Amino acid sequence: MGFDTTAVLERLAAFPRVPLAHLPTPLERLENLSARLGGPRIWVKRDDATGLAFGGNKARKLEFILADAQAQGADTVVTWAGIQSNWCRQTAAAAARLGMRAVLVLFHKPPFEGAVDGNLLLDRMLGAEVHIVPAEGRRTMAWEEVAEWVEPVVAAEEAAGRKVYIAPVGGSMPDGSMQEPWGALGYLEAWRELHEQAKERDVRFVTVVHATGSGATQAGLLVGARIMDPQTRIIGVSVSEDAATLGGWVRTIADRTLGLIGREEQVRKDEIDVRDTYVGAGYGHMSSEVAETLRLLASTEGLLLDPVYTGKAMTGLLDMVRQGEFAADSDVLFVHTGGTPALFPYRDDLGG
Ligand SMILES: *Cc1c(COP(=O)(O)O)cnc(C)c1O
């Protein structure tokens, strides 16, 4: 590695971080699936196995985000998302572990009305204070659309004498109390880990495919690849937004991340590859094709994906293989970002 990379890694290691995740996560081959497809060699980075209340990608983000919250003297984390949010569940678990309070504003729309199941059940068990509010077509990604519900919750906490840290949805876009892209830093660190594992296994990934939602996972991976493995392409399969919108978020977060680690460069637009063709009927809607993908991975590899994120991303990867996007003798990595607690609320769509 060049001097530049070493400087970046030293800088990365110096940021405040609280240990929450089980790391490194395993890097495994999906041999049965690869054989069935006739190549490429498909690998999986098991970030569903980060520990922290059933795992997932938010554990890596929270290591930096909650270190920031502690540095600010916060005793309470307020955040928001959809009712089956993995982000909120892992935030609740992390807060419990660090002796902090988690207050969650969860936006619901059918089919989850009233059912305490999946992530919502876990939020409650983890001791989070849960406010359930109707989404009514609101986009939880936009602060303007959630402020009406989140601001009074913050005010009530402050009136009760608590020091609040407002963590933005997904831990992605710097906003609220999180003024730096700490979530993306978690995925820059993940790339460092992956780079080491790939070196040990003597494998070079031509492409990495993963589910993208609020943008920081992709931004962190992108910055990591840019610095350590510039030949690797990162493809984010959108689970909700159109490619232009989400690509814009990824770009903003990636540039902020480069700034945070002292690099003056910015990412090029053509480095950002967001595919929005697998969104289907929208966020949280699982098509029968995605259900089929879940069953395929479960039955060929014993690997459980989730209905909202990784199921869509793997459906995308399988389609890209069919379209001939990867050479048969190449190595392609799928990042399993977690989300499996949401399997149970989708039992009807899964034919369970
Ligand atoms: C949040 C989440 C993602 C998306 O990560 P972002 O950084 O928000 O883009 C992917 N998969 C799962 C299971 C998630 O919970």
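Ala, Val, Leu, Ile, Met, Phe, Trp, Tyr, Cys and Pro count here as nonpolar, Asp, Glu, Lys and Arg as charged, and the others, Gly among them, as polar. The model shown in every view is predicted.

**View 1. The lining of the largest pocket, by class.** The lining has 19 nonpolar, 23 polar and 7 charged residues. The volume of this largest pocket is about 860 Å³. A total of 49 residues line the pocket, and Gly82, Thr140, Tyr283, Gly284 and Tyr309 are the closest to its centre.

**View 2. The largest pocket between two domains.** Where does the largest pocket lie? Domain 1 (5–57 + 182–346) gives residues to the lining, and so does domain 2 (61–171); the pocket therefore lies between them. Several helices and strands each supply at least two lining residues. The helices are α3 (58–71), α4 (86–97) and α8 (216–228). The strands are β3 (76–82), β4 (101–108) and β7 (205–212).

**View 3. The residues around the ligand.** There are 16 residues around the ligand. Which of them come nearest? They are Lys58, Lys61, Ser214, Thr217 and Thr337. The next view turns to single atoms.

View 4. Gly213 uses its backbone, with an N or O atom 2.8 Å from a ligand oxygen atom. For Gly215, a backbone N or O atom lies 3.0 Å from an oxygen atom of the ligand.

**View 5. The largest cavity and its lining.** The model has 1 cavity of 30 Å³ or more. The largest cavity holds about 50 Å³ of space. Its lining is made up of Lys45, Asp47, Arg60, Tyr187, Ala190, Trp191, Leu194, Leu221, Leu333 and Val335. Which element gives the most to this lining? Helix α7 does, with 4 residues. Both α7 (182–201) and β10 (331–336) supply at least two residues each. By class, the cavity lining has 7 nonpolar and 3 charged residues, and no polar ones.

**View 6. Thr245 in helix α9.** Helix α9 covers residues 243–260 and includes Thr245. Is Thr245 buried, exposed or partly exposed? Its relative accessible area is 27%, so Thr245 is partly exposed; that class lies between under 20% for buried and over 50% for exposed. Glu289 is 44 residues from Thr245 along the chain, and the C-alpha atoms of the two are separated by 25 Å.

Notes:
Residues are numbered from 1 along each chain as its sequence is written. This is a predicted model: local features need pLDDT of at least 70, side-chain atom pairs count only at pLDDT 80 or more; totals for chains, interfaces and linings use all residues. Side-chain values use heavy atoms; hydrogens and water are left out. Buried means under 20% relative accessible area, exposed over 50%, partly exposed in between (1.4 Å probe, protein chains only). On a 1 Å grid over the protein atoms alone, a cavity is a set of points where a 1.4 Å probe fits but cannot get out, and a pocket is an open set with protein on both sides within 12 Å along at least five of seven lines; lining residues have an atom within 4 Å of a point. Grid points are joined across faces, edges and corners, and a volume is the space filled by probe spheres set on the points. Domain bounds come from an automatic or database domain assignment. A residue is near a molecule or strand if one of its heavy atoms lies within 4 Å of it. A polar contact is a pair of N or O atoms within 3.5 Å; within protein, one must be able to donate a hydrogen and the other to accept it, and residues adjacent in sequence count only if both atoms are side-chain atoms.
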